[in-house]
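This briefing describes one structural model, arranged by topic. Please consult the sequence and the structure shown here before reading on.

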Amino acid sequence: MSDAAQPAPRGGKWGAVGRRVGMRLLSAVPALFGVLVFTFLLMRVLPGDPAVFFAAGANTGQAEIDMVREQMGLDRPMHEQLLRYLWDITRGNLGNSMTTGQPVRTDLVERLPASLELTFSALLLALSLALPLGIVAALRPGTLVDHVVRFLCTLGVCVPTFVSGLLLIYVFYYLLAWAPDPTGRLDIFAATPPEITGFLLIDFALVRDWEGWRAAAGQLILPASTMALFVLAPLARMTRASMLAVLGSDFVRTAKSLGLSHWRIIVVYALRNALLPVLTISGIVFSTMLGANVLVEKVFSWPGVASYALDALLASDYAPVQGFVLLMATIFVMVNLLIDILYGVADPRASVA
Amino acid sequence: MTGPLLEVEDLHIRFSTRRGPVEAVRGISLRLAPGETLGVVGESGSGKSVTAYAVTHLLDRAGSITQGRIRFRGRDITRAGRHELRELRGSAMSMIFQNPRGALNPIRTVGRQIADVLRAHNAITAREARERALDLLRAVLIRDPKGNLDAYPHELSGGMCQRVMIAMAIACEPALMIADEPTTGLDVTTQKTVMDLLARITAERGMAMILITHDLGLAAQYCRRVAVMERGLVVEEGAAARLFQAPDHPYTRRLIAASPTRTSTVADLVEGDAPPPPRRAPRAPGTPLLLEVQGLFKQYARTRAVDDVSFTLEPGESLGLVGESGSGKSTISRLICRLIDATAGEIIFDGQSIAATPARHFHKAPQRRDIQIVFQDPTDSLNPRFSAFDSIAHPLRRLDRLPSEAALRARVEECAERCGLPRELLDRFPHQLSGGQKARVGIARAIATRPRLLVLDEPTAALDVSVQAVILKLLDDLRREDGLGYLFVSHDLNVVRMMCERTIVLRQGRIVEQGPSAALFAAPQAAYTRELLAAIPHFDPEAMREPA
């Protein structure tokens, strides 16, 4: 490193970001293709014949089953089915669900906002708890506070979501009656807001129906808390670990040696740096939650995509499961991309080239 | 003010470790007048940095002052509270550190970091702070101060980062500056510019400075008074000129003897006898050179690390490669070890081309056992899960088909003994060995397969001078006894001069000058070589009398 080194050029940052986004999206295509083919084959290998399932009646004969099979195209060779499926997907057709009788795309579009709303709220809730807890634990390592935080996190991870969900229902609905009936996103008799974004909280807020907003939020709070508890541990532990590392770093020592105020050191120097790894973890946690919240959706009768896919899987209904997996894979790619971009904005060292 | 600026009285510092308390500082006393410069020198573990951290209250949780007193301007600050410290730090005393890039917040622009310091001690607006930050960057001679105000630390070189650090440290005009190894890890020419700047700025502003360093030459050149520390005690203190010319304490004498100067020999460093002349006979006509490098190029993404380098090495000869970081010396050593592939060029070892074999297949080539390498960092280059025995045996198991486990053990023990590693240490793991012992393991591993060419990549850069002296002597003896060829890579010109018969000076991947070491160092031809030589801090008595 010679003393004469010039600073790197700082222009054209957004152009570079755009190029990188494009590259990343392109490089995701093979992975998505692989996911498609794999799910397709997996569904064919799994036991259960959808034709039998759907033709099943009191007196179904082989002829009816064969007819259904022909209707569904299941009598064609495997590669032909795959090609047809891929061709359909390129035209945005994910097939029809045998259980709901609707196009899978319609079903997913209808249910995705419910899942996203739940997951976002849970992640926000988890972050708003995990960050302060992690910071406090890092500032006082080895003290009572640290141990209490560790205990809470362990508890959150140890208790399965269906248990904690039922516990929350038992306490807040049955015993205290604070929470509303834990079935779905809104009380069945309540008025639904006009469909604008599909996110109830946003839609209610847009039409300024604050009573409806409160009702929707009340329905949301228990399932969101259940999920938040589950992901509290990775977020809080990560915050604590990276905060500890940063507090021990050379530049925090520099800030101390120059007499900066305590809060400035913790917030501007330590926390901002410590949040970088937490950002990465948050992306992973979000993607995991979206797929893994099937139990929560089931417990709270939440009309989300995960419970939809589970029902379809149990019914050997191929198209919804394949559609769901493709959707999850796409969201995973998008979330990772988003996190990468955010990281590039937050950390000037991350190369944007 | 007439009284001393800083007074340290009978200071004791204890660290609580897993193996019980450790007394890092065992009763030292120092005094510093306003505007005075004091050098604190010592090897690792001497407690010199710990003392500085105690003064500024930056010791980590494990360390505590158990006894003694620290007074600043007559005020006792031994047990100063957080509030009192906030007022002192930055505005009355400040510190600059080793590894300047790590000492700056990586995700905040340098302008804002300087402004943070200014606003911590002055009631000024963000705009005023920015103006003054710009003035400070001008004061520390940053190139393009306006543009670099919004630069992040990773966009600046190490030397520039240290200038920014100095700007932050002087921002609120403190009376005392503590510089903890401020130029360790910087190139020798950068070290000179940074130290000159530091000396000038502190002198202009009447600041007192404590320079903590392992480099005696640096202390001699930039400090009026020097204190020598050994294992938590000040063993000797006095005016720099007197101390280095007529040291009283045996430790000071040993330290001075072990430091390479522009005239010392390897034997001088360890106060040994002059070595026997090398066994090397002139090469018989018709036998090949040990190594011949022709037109070597190595291109990385945008930079050309090695740019048309050619040289030769006779069997048993030692050749030094010197240069600053970015000169390509380490890249050349890795190319010749065939750890990486050259972009173009020819490497001929013992009459056979070895450049054609890709690096990832070279471990199967017959020449692999003939070319071995000693790495820079003795700790990182040893597998932490391997005992010393396994580390030395590793290349033997891979490359030599020894008839039996007993033969292997005999060979490992022989290598260890030749490298001065006691047999009982062979079962230890790297973390149980000292730096010097780890260096010996690394050397024993390199000579285990009885190579003919040893590539030494900064083998002593991470070691204390007294350990470096012993290791250099060991390497010199090994070469003379075995007729090994050495390719010795170093940034330390004095070390290369002592160890090598011929020297090549590199700059930005190109050869600037080459020739016999004695002649090259006595009368350098290239301007760059002269600049390098002039930048080395020294404490030779005759040189110190010269007007600065």
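Within strand β18 of chain B, Gly485(B) is the bridge partner of Leu453(B). This is a predicted model, in which local features need pLDDT of at least 70 and side-chain atom pairs count only at pLDDT 80 or more, while totals for chains, interfaces and linings use all residues. Residues are numbered from 1 along each chain as its sequence is written, and chains are lettered from A and ligands numbered from 1 in the order in which they are written. Helices (H or I, at least four residues) and strands (E, at least two) are DSSP runs, numbered from the N terminus.

**Strand β18 of chain B**

- Strand β17 (residues 453–457) of chain B runs parallel to β18(B), and 5 bridges join them; strands count as paired if DSSP finds at least two bridges between them.
- Strand β13 (residues 318–322) of chain B is likewise parallel to β18(B) and joined to it by 5 bridges, with Phe488(B) as the bridge partner of Gly320(B).
- Because 6 of the 6 residues of β18(B) (485–490) are buried, the strand is largely enclosed by the rest of the structure.
- A residue is buried if 20 or more other C-beta atoms lie within 10 Å of its own, exposed if 12 or fewer, and partly exposed in between, with C-beta atoms placed from the backbone.
- Gly485(B), Leu487(B) and Val489(B) point one way from β18(B), whereas Tyr486(B), Phe488(B) and Ser490(B) point the other way.

**The nonpolar core**

- In soluble globular proteins, nonpolar side chains tend to be buried together.
- The largest nonpolar core has 227 residues; such a core is a set of buried Ala, Val, Leu, Ile, Met, Phe, Trp, Tyr and Cys residues joined through C-beta atoms within 7 Å.
- The members that touch the most other members are Leu232(A), Ile114(B), Ala167(B), Ala219(B), Ile392(B), Ala444(B) and Leu487(B).
- Helix α9 (residues 210–247) of chain A contributes the largest share of this core, 17 residues.
- Domain 1 (6–258) and domain 2 (291–545) of chain B each supply at least three residues to this core.
- Apart from neighbours within four places in sequence, Ala167(B) is in contact with Ile114(B), Leu136(B), Leu137(B), Ala139(B) and Val140(B); contact requires C-beta atoms, placed from the backbone, within 7 Å.

**The domains of chain B**

- The domain assignment, which is automatic or from a database, gives chain B domain 1 (6–258) and domain 2 (291–545).
- The C-alpha centres of these two domains of chain B lie 34 Å apart.
- Their contact takes 20 residues from domain 1 of chain B and 16 residues from domain 2 of chain B.
- On the domain 1 side, α7, α8 (216–222), α9 (240–245) and α10 of chain B each give two or more residues, and α8(B) gives the most, with 5 residues.

- Strands β3 (residues 37–41) and β9 (residues 225–230) of chain B run parallel and are joined by 4 bridges; Val228(B) in β9(B) is the bridge partner of Val41(B).

**The interface between the chains**

- Chain B places 40 residues in contact with 24 residues of chain A.
- On the chain B side, α2 (82–88), β6 (93–96), α3 (110–121), α5 (145–148), α6 (158–170) and α7 (188–204) each supply at least two residues.

**Local features of chain A**

- Gly73(A) lies in the loop between α3 (62–72) and α4 (78–90) of chain A, and counts as exposed because it has 12 C-beta neighbours inside 10 Å.
- Not counting residues up to four places away in sequence, Gly73(A) touches Gln81(A) and Arg84(A).
- In helix α13 (residues 305–314) of chain A, the buried residues are Val305(A), Ala306(A), Ser307(A), Tyr308(A), Ala309(A) and Ala312(A).
- The cover over these buried residues of α13(A) includes α5 (104–139), α11 (262–292), α12 (294–299) and α14 (318–346) of chain A.

Methods: Contact = placed C-beta atoms within 7 Å.
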